[in-house]
Amino acid sequence: MEEERSAPADSAACPSTSGQSHALKPTVILVIGMAGSGKTTLIQRISAHLHATRRQGYIINMDPAVTHLPYGANIDIRDTVKYKNVMKQYNLGPNGGILTSCNLFATRFDQVIQLCEKPREPPLEYIIVDTPGQIEMFTWSASGAIVTELFASSFPTMVAYVVDTPRVTVPQTFMSNMLQACSILYKTKIPMLLLFNKVDVARHEFALEWIQDFDTYAAALEVESSYAATLSRSLALVLDSFYANLRSVGVSAVTGEGMEEMLQQIAECALEFQDIRSVKDKESKEAARQQKEMARLKVDIAALGLRDEQLVPGASSRAGVGAGGSGVLGAGGAAGTGTASVGGSSENDDDTDEEAEGAGEEAE
Ligand SMILES: Nc1nc2c(ncn2[C@@H]2O[C@H](COP(=O)(O)OP(=O)(O)OP(=O)(O)O)[C@@H](O)[C@H]2O)c(=O)[nH]1
């Protein structure tokens with residue numbers, strides 16, 4: 001991979017990356033949306049807005065097929081992967097060529113993360129990632145998952161899903177766009193902000209009403225009695241819980257409307273990301289603690305030369321063997337000499353069984 005292009009500010013120190021809280025790090029914004037929704041133009045606008053308000057942004061272009069970039073990318077996939085060569089070499093069409101190029105680039109994404117983590121003064125506030133209109137990159141392809149995971153393990157990361165507002169005034173087009181957004185959210189599991197773009201052409205309030213009130217959406221569909229309209233009605237009900245957690249802003253890449261509100265919502269998403277991560281961290285710490293405990297118990301069992309059947313007769317043929325064994329050994333360990341009697345004496349078998357089952361239930 002080639003070295004990054006004109007980074008905005010590359011000198012001096014920045015807080016260390018190891019052990020640094022996500023709160024002090026730049027927020028990664030994955031800009032995703034259907035082809036033509038205005039991602040690239042919007043990024044150009046965001047870049048200009050950040051520059052004008054003296055905020056530090058870093059832009060990564062991940063669209064290998066773009067011919068003209070209206071902004072200065074700090075990292076550009078086209079410097080690493082030549083999409084036309086990929087098409088030829090792997091005998092692919094344009095779509096396959098783009099997705100394969102992204103996959104190839106993803107294999108080197110650790111280097112991108114290193115460049116993003118490089119100390120800078122003033123420190124970066126935003127890392128903005130332009131993506132191809134082939135949004136299946138984030139629903140099917142490996143590269144989307146790799147890129148999201150690598151960013152999310154180093155920075156607060158979110159999706160800015162760009163919607164072409166004039167095009168979604170048709171209720172069914174709106175539904176198919178929301179389904180795409182929903183599947184991206186389901187796959188990435190990071191906060192999402194809906195950016196209703198092109199509000200200079202069509203205001204987005206109708207979309208907010210459709211999101212907030214099912215009846216309004218159903219009324220808009222009423223003129224249609226096709227199978228697709230009926231399906232859209234049912235899907236709108238299903239999507240209710242998806243809508244409940246969504247943030248949205250109306251923006252215009254052309255006039256610059258909505259930029260500040262968008263940045264506020266991005267900050268909210270970054271906070272939400274912290275919450276999601278701290279719950280995840282707690283869960284993985286607890287899982288690691290349980291694994292450690294289990295390993296220690298196995299060592300204890302091995303040291304005593306006992307097998308599960310000796311601890312709990314018939315235990316190996318039942319569910320909850322691990323938990324049962326642990327419960328028995330725990331009791332023995334606490335009593336000091338109790339373990340031998342638990343394992344060895346047949347008169348304790350009934351009690352042992354009960355104890356084991358109790359522990360098994362607890363574990364469940
Ligand atoms: N009126 C108006 N036009 C816009 C706006 N944003 C983008 N456009 C136009 O929409 C068209 C598509 O914009 P792009 O930025 O190329 O869209 P994209 O999502 O990056 O497209 P792909 O690279 O194909 O995925 C261009 O003609 C833009 O000028 C906007 O806010 N208002």
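In which strand is Thr 27 found? I looked this up first and noted that the model is a predicted one. Thr 27 belongs to strand β1, which covers residues 27–33.

**Entry on Thr 27.** Thr 27 has a relative accessibility of 9%, and because the cut-off for buried is under 20%, I put Thr 27 down as buried. I then listed its contacts, leaving out residues up to four places away in sequence. Thr 27 touches Glu 125, Tyr 126 and Ile 127, and also Pro 156, Met 158, Ile 266 and Ala 270.

**Entry on the whole protein.** I counted 15 helices and seven strands. The protein has 364 residues, and 45% of them count as buried. Of the contacts with a separation of 6 or more, 76% are between residues 24 or more positions apart.

**Entry on the ligand.** I found 17 residues around the ligand, and Lys 39, Thr 40, Thr 41, Asp 200 and Ala 253 come nearest. By class, this shell has four charged, five nonpolar and eight polar residues. Helix α1, residues 39–52, gives the most to the shell, with three residues.

I also looked up polar side-chain atoms facing oxygen atoms of the ligand. For Lys 39 the distance to such an oxygen is 2.7 Å. For Thr 40 it is 2.8 Å, and for Asn 197 it is 3.1 Å. The ligand on its own has 650 Å² of accessible area, and the protein covers 67% of that.

How values were computed. Residues are numbered from 1 along each chain as its sequence is written. This is a predicted model: local features need pLDDT of at least 70, side-chain atom pairs count only at pLDDT 80 or more; totals for chains, interfaces and linings use all residues. Side-chain values use heavy atoms; hydrogens and water are left out. Helices (H or I, at least four residues) and strands (E, at least two) are DSSP runs, numbered from the N terminus. Buried means under 20% relative accessible area, exposed over 50%, partly exposed in between (1.4 Å probe, protein chains only). Contact means heavy atoms within 4.5 Å. A residue is near a molecule or strand if one of its heavy atoms lies within 4 Å of it. A polar contact is a pair of N or O atoms within 3.5 Å; within protein, one must be able to donate a hydrogen and the other to accept it, and residues adjacent in sequence count only if both atoms are side-chain atoms. Accessible areas come from the Shrake-Rupley method with a 1.4 Å probe; for residues, only the protein chains shown count as cover. Ala, Val, Leu, Ile, Met, Phe, Trp, Tyr, Cys and Pro count as nonpolar, Asp, Glu, Lys and Arg as charged, and the others, Gly among them, as polar.
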